[in-house]
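Student: I would like to go through the aromatic contacts here. Can we take them one at a time?

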Amino acid sequence: MTRHTTVLVVGAGPCGLAMAAQLRRLGVDVTVVDAESRPHTGSRAILLWPPVREVLDELGLAEDAARAAVRPAALHYHLGSGGSARVPLGASDLPLVLPQERTGQLLAKALADRGTTVEWGTRVSRITPTADSVRATLTRDADGTEEIEADWLIGADGLHSSIREALGIEFSGARFPATFLLAEGRITRTAAPGGPGAADNGNLSTQEIHYFLARTGVALLAPLPSGEFRLSGAVPTGTGATAEHAQALLDERGPGGLRFTEVRSVALFSSEERVAHTLRSGRCFLVGDAAHVHSPIGGQGLNLGIPDTRNLAWKLAGVVHGRLRPSVLDSYDPERRAVIAQTLEATGRMARQAVAGRVAGHVRNLTWKLLQVTGVLTRAYAPMLAGWRSHYPDVLFGPPGTKQRTERSRPRPGTRDPRWTPRATDELAGRFQLFTHGDPAGPLAARAAELTADLPDVVAHIPSDGGQEHFVLLRPDGYVAASGGADDLSRAAERLASLVPALPSGTPAGEGRSR
């Protein structure tokens with residue numbers, strides 16, 4: 001007998017787990033399978049910037065994650081020529097340093113709390129997409145094969161995605177021309193500093209992420225929750241994955257006087273920059289590393305992959321429950337592809353700086369000093385890493401080739417703004433949130449009340465204090481859908497209505513659609 005599921009998620013890494021947990025929060029039936037026999041272990045991706053923290057918050061995991069993580073107060077760039085550039089991390093830009101293994105455990109718990117567990121040791125050996133569903137053959141080592149029919153399929157199975165391959169989607173790009181060493185273990189100070197960062201680093205703070213921009217290259221030194229440190233940097237050909245080579249890298253590029261007392265793990269790795277030619281094929285979607293991979297510099301891995309799932313979850317749930325037209329899913333590829341391009345440009349630029357030669361490295365260090373003095377690092381660099389600079393093309397609320405009046409559209413549609421974030425309660429999950437300001441008895445507030453009465457998936461927050469009338473309409477994933485005055489809200493309401501299936505004749509407004 002063929003089993004049926006609404007959504008089949010293939011891959012139970014953090015992106016697959018986040019996808020499934022968000023769908024379950026939105027009331028969608030989900031099956032999750034993974035070819036591995038057990039979850040991956042190890043720290044792997046450790047930086048969780050605000051886009052990931054917001055998803056953890058929505059899933060009720062924010063407090064547990066914060067307790068388990070290091071919360072760095074700054075990014076500290078130690079310049080090889082002396083001096084440093086320190087980038088403070090305010091509340092809106094703050095990342096968590098949390099090993100990927102622990103992130104996966106938290107997401108798996110959120111999924112299990114909603115009644116779904118991962119089917120480990122289960123490989124998808126064949127998929128057959130049709131116009132109405134996707135049939136898949138599940139193969140288990142222990143008990144043979146099983147047929148499953150899913151209304152939708154999500155490929156979250158990583159760099160070597162079998163789903164992407166089965167769909168025949170090209171994964172173009174190239175390998176980044178450098179090899180990196182990554183070591184984790186305990187470090188102690190054995191002598192006064194005397195290396196490249198000595199001028200400003202008498203004490204190595206465990207509340208900062210350190211970057212040593214030495215003449216021979218860049219090294220990252222990040223504190224881990226266990227009291228250990230992660231060391232990473234591009235290394236020459238012939239470097240081995242040994243504790244001795246890790247110590248040599250620390251001696252060569254670090255502040256001096258630091259020694260590994262224990263090296264728990266050490267490895268060499270390379271990175272690639274690749275993007276799938278399409279993120280959607282019919283009823284199948286790709287998220288995370290199955291859709292894109294890039295340099296690990298800047299710690300953007302999960303911060304690009306998990307927002308894929310946040311973009312897709314509310315749209316797919318809306319279609320499943322009949323609250324949104326299927327055409328809303330057409331926006332997934334162009335929106336995420338735009339952010340992927342923005343991220344690859346930024347990480348590629350940082351990666352090239354990390355492997356710069358001596359002359360280019362000297363220019364890089366001078367540039368960092370200038371950026372520090374002018375305040376650009378705090379104003380622009382930290383928000384970029386934190387995801388606030390990512391933006392979508394306005395494909396949902398603005399027809400191609402048109403622009404809203406920019407003097408009234410602040411914040412801009414398609415952007416994210418730390419001053420405007422959706423409230424993370426289960427009651428509001430998957431719903432647009434409308435924030436208005438001005439006279440609570442004025443025309444804007446009245447139009448907002450009409451909108452929420454006509455469209456039950458819009459929740460209005462109307463304050464009682466006055467001020468200049470304006471509104472911000474947030475999508476369920478935190479991006480700005482529209483902003484402006486009363487006339488702009490009327491246009492936004494028309495666009496919202498076009499995303500919603502027509503109700504049967506005679507159905508009262510606000511009724512007839514399931515949550």
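**Rings and charges**

Tutor: Start with a charge over a ring. This is a predicted model. In it, R416 sits over the face of Y479, 5.9 Å from the ring centre.

Student: Which ring does R164 lie over, and at what distance from the ring centre?

Tutor: Look at the face of the ring under R164. The ring belongs to F171. The distance from R164 to the ring centre is 3.7 Å.

Student: Now ring against ring. How many aromatic pairs does a search of the whole structure find?

Tutor: The search covers the whole structure. Its count of aromatic pairs is 9.

Student: Take Y77 and Y211. Is the pair stacked or edge-to-face?

Tutor: The ring centres are 4.6 Å apart. Planes under 30 degrees apart count as stacked. The planes of Y77 and Y211 are at 10°, so the pair is stacked.

Student: How many residues apart are Y77 and Y211?

Tutor: Y77 is in strand 4, residues 74–79. Y211 is in strand 12, residues 208–214. The pair links distant parts of the chain, and the separation is 134 residues.

Student: Are Y77 and Y211 buried or exposed?

Tutor: The cut-off for buried is under 20% relative accessible area. Both Y77 and Y211 are buried.

Student: What about F285 and Y332: stacked or edge-to-face?

Tutor: Their ring centres lie 5.8 Å apart. Planes over 60 degrees apart count as edge-to-face. The planes of F285 and Y332 are at 80°, so this pair is edge-to-face.

Definitions and conventions. Residues are numbered from 1 along each chain as its sequence is written. This is a predicted model: local features need pLDDT of at least 70, side-chain atom pairs count only at pLDDT 80 or more; totals for chains, interfaces and linings use all residues. Side-chain values use heavy atoms; hydrogens and water are left out. Rings of Phe, Tyr and Trp (its six-membered ring) pair if their centres lie within 6.5 Å; planes under 30 degrees apart count as stacked, over 60 as edge-to-face and the rest as tilted. Helices (H or I, at least four residues) and strands (E, at least two) are DSSP runs, numbered from the N terminus. Buried means under 20% relative accessible area, exposed over 50%, partly exposed in between (1.4 Å probe, protein chains only). A charge sits over a ring if NZ of Lys or CZ of Arg is within 6 Å of the ring centre and within 35 degrees of the ring normal.
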